Amino acid sequence: DELHIFSPMTTILVTGSDGQLGSELRSMASGYGGYEFIFTDIAEMDISNPSSVMEMVSKSRPSWLINCASYTAVDKAEEKPAAAFAVNAAGPANIASALKGTDCHLIHISTDYVFPGNGNVPYTESDEPNPATVYGKSKLEGEVNVLTHMKTLIIRTSWLYSAYGSNFVKTILRLLEEGRNPKVVFDQTGSPTYAAGLAATILHIISGVIRNRFPFVPGIYHYSDEGVCSWFDIASEIALAVNREGSVTPCLSSEYLQKAPRPSYSVLDKKKIRETYNIIIPHWRRNLTLCLNSIIRPV
């Protein structure tokens, strides 16, 4: 892989770096020479604590801040809304406040859950958000809060998975390897996002802006893998990869009792990010294969 050389010591501060996306960014950082990456998680910088954020920002003086920190327990958020809003809404407000008056570019990660999830046409950035869950409401408030900082780019993503942390792909893989036959919903349609692909896209945007390949265009963008599928489709593909074809059974969402409703349709339209930042997005099947290979046959 080409070693990327940048202008002297551009500092990139990453929050939530122990999560899926943060972990992928951390694993890619070594390929980006001339960058100083500062990886933080709650122990080093608690985004829900204004003084913790202010202290880290004034100490590191980043040129870029990638906010991956998020409260993502969708069902738990229904019971503990204060916890979700502290991280997903107040946290981004604290970051925007700490960056006030600086030239720092902020890349903030949001979610398909800001939409009601009851449509049948891919959501564009100009569609009206109307979240149906506490999690979605807290993330939408976070978007509003970060946009008070002029140099902010929001990336809404969906169905994130990776070789790191706990996620749907790893759960299905584990169940199949244990010889179980999971029942998986087939009436929720969307697009998965391989966190490594999103991490590569974020670094592509940063490096492209620094090298004047394209301008930094603030605003809201959508990103997920190409193609459309159900959770059942993904699980079936995993079963095929581990020679357990036919061991996944489709079922309806109504067969699962969950506190927070899941979007029945949350496909994101990605035309804007593709065209603005010259990005080629792989199909979800290709990315799923890459991820499974990295889990089953670690490099």
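What follows is a short chat about a predicted model of one protein chain.

Reader: What should I know about the model and the numbering?
Author: It is predicted: local features need pLDDT of at least 70, side-chain atom pairs count only at pLDDT 80 or more, and totals for chains, interfaces and linings use all residues. Residues are numbered from 1 along each chain as its sequence is written, and side-chain values use heavy atoms, with hydrogens and water left out.

Reader: How many helices and strands are in the protein chain?
Author: The chain has ten helices and twelve strands, taken as DSSP runs (helices H or I, at least four residues; strands E, at least two) and numbered from the N terminus. Its radius of gyration is 19 Å, close to the 19 Å that the globule rule gives for 299 residues, so the chain is as compact as a globular protein of that length. That radius is over C-alpha atoms, and the rule is 2.2 Å times the number of residues to the power 0.38.

Reader: What share of the residues is buried?
Author: Buried residues are 51% of the 299, where buried means under 20% relative accessible area with a 1.4 Å probe, protein chains only.

Reader: Switching topic. Which helix gives the largest share of the second largest pocket's lining?
Author: Helix 7, with five residues. Helix 7 (195-210) and helix 10 (284-296) each supply at least two.

Reader: Which residues are closest to the centre of that pocket?
Author: Of the 20 lining residues, Y194, A196, G197, A200 and L290 are the closest.

Reader: And what is the lining by class?
Author: Twelve nonpolar, six polar and two charged residues. Ala, Val, Leu, Ile, Met, Phe, Trp, Tyr, Cys and Pro count as nonpolar, Asp, Glu, Lys and Arg as charged, and the others, Gly among them, as polar. A pocket here is an open set of points on a 1 Å grid over the protein atoms alone, where a 1.4 Å probe fits, with protein on both sides within 12 Å along at least five of seven lines; lining residues have an atom within 4 Å of a point.

How values were computed. Buried < 20%, exposed > 50% of the residue type's maximum accessible area, 1.4 Å probe, protein only.
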